[in-house]
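Keep the 3D view open as you read.

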Amino acid sequence: MAGFFSGAGMRICDALLPRLVSDFGITAGVAGRVVISFSVAYGLMQLVFGPLGDRFGKARMVLIAVMGCAVGAGLCGAATDFDVLVVMRVLWGMAAAGVIPLSMAWIGDAVAYDQRQATLARMLTGTISGMMAGQLAGGLFAESAAGWRGAFFMISAGYAVVGVAMLLWLRDAPAAASAGPTRIAFVSQLRSVLRMPWSRYVLIAVGLEGIFLLGPLAYLPSYLHLRFGIAISTAAALIALYAVGGLLYAILARHIVHRFGERRMVLWGGVMIGAGFIGWLVSPLYMLAGPIALLVGFGTYLFHNTLQTHATQMAPEARGTAVSVFAFCLFVGQAIGVSIAGYSFDQWGYVAMLVVPAVALPAIGWWFARALGKRK
């Protein structure tokens, strides 16, 4: 449930960008700051939440993060102007940093490696469902009287309910709050992650994924709205099928891992994502954007879930820190990617924004698959 609302918070603003443009009289690139600010704060706070989770208990820190998200989302809904909204998104992103990565690290503590990818995929069902719901809700609220304020207040209420549920769970199972604590100093924790050569491969790969995949994704509803003249809610619904592709992967993950192995998963994941971006560019019908999004979502999680699984094993003695550094690289990459995509969208239109990922992502998948082969 925490993963669901955290996923929704990540994607809720994608479809709200056109509404922010009209309400505040700004360009799409400027409106993208609500995505960039969240991503930067999310990434930087990983360096705080990871060590805190290792020291004080991962589940306990997830609870604190969820409660912080409820406050941050509520403050976003109450923002008086665009600059205040950006600042409140920073606070929301800071709190959100402690939800998904520490949940993954908690799974890493509790589940053996040969079962971990399938278990993480089950966790992904909540997160991906939230991303899909966030895309859809953003589109619906963008065209309703409640607007972006209603969207943020709704998510705030959801976080609050989940926070109360988690508090009751931890009260009944207090041992879960302190599972896997460590007293290793932060610098030692970080060093134990970065000194491993394989860790650097994983962190570089996920950073590039953030730049070339998550950055352009933020502008896809706006792209469809502009190119085909369809309602933003329709555009958001089509792109939300990206999450359905992720859910399909989560359902089939155990069989896919067993049958194909990690190398082919990351290789074909990159190819599928690249083909999807080309499809969005050349498609003559807006309706095809939905099936393409499903393909891209499936390919994304072939690639990303493999990276996640390796992230949980980079430094088992400081797993919270390791997974948080992984998320730091992903969301700093996303912030860079959103900035580049927004500038490209404003200055040159959508062609470059779609062509560059179409070339880069298959290349990244090939590079990481090759590195996996050498490592094995």
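Asp 172 is exposed, with a relative accessible area of 62% (exposed means over 50%, buried under 20% and partly exposed in between, using a 1.4 Å probe and protein chains only). The side chains of Asp 172 and Arg 171 meet in a salt bridge with N to O at 3.8 Å; a salt bridge here is a side-chain nitrogen of Lys or Arg within 4 Å of a carboxyl oxygen of Asp or Glu.

Before going further, a word on the source: this is a predicted model, in which local features need pLDDT of at least 70 and side-chain atom pairs count only at pLDDT 80 or more, while totals for chains, interfaces and linings use all residues. Residues are numbered from 1 along each chain as its sequence is written, and side-chain values use heavy atoms, with hydrogens and water left out.

**Salt bridges**

The count comes to five salt bridges. Three of them are set out here.

| Pair | N to O distance |
|---|---|
| Asp 23 and Arg 19 | 3.1 Å |
| Asp 54 and Lys 58 | 3.4 Å |
| Asp 172 and Arg 171 | 3.8 Å |

Asp 23 and Arg 19 both sit in helix α2 (residues 17-24), four residues apart, or about one turn of the helix. Helices are DSSP runs (H or I, at least four residues), as are strands (E, at least two), numbered from the N terminus. An α-helix has 3.6 residues a turn, so residues three or four places apart point the same way. Asp 23 is partly exposed at 40%, whereas Arg 19 counts as buried at 18%.

What is the relative accessible area of Asp 54? Asp 54 is buried, with a value of 1%, and Lys 58 is buried with a value of 1% as well. Asp 54, Lys 58 and Asp 109 are linked in a network of salt bridges.

**Empty spaces**

Rolling a probe the size of a water molecule over the atoms shows where empty space is left. On a 1 Å grid over the protein atoms alone, a cavity is a set of points where a 1.4 Å probe fits but cannot get out, and a pocket is an open set with protein on both sides within 12 Å along at least five of seven lines; lining residues have an atom within 4 Å of a point. Grid points are joined across faces, edges and corners, and a volume is the space filled by probe spheres set on the points.

The largest pocket has a volume of about 370 Å³. It is lined by 16 residues, and those closest to its centre are Ala 2, Val 62, Ser 103, Met 123 and Met 166. By class, twelve of the lining residues are nonpolar, four are polar and none is charged (Ala, Val, Leu, Ile, Met, Phe, Trp, Tyr, Cys and Pro count as nonpolar, Asp, Glu, Lys and Arg as charged, and the others, Gly among them, as polar).

The largest cavity holds about 290 Å³ of space. Of its 22 lining residues, Met 10, Met 131, His 304, Leu 330 and Phe 331 are the closest to the centre. Helix α16 gives the most to this lining, with five residues.

Helix α7 is largely enclosed by the rest of the structure, because eight of its eleven residues are buried; among them are Ile 100, Pro 101 and Leu 102.
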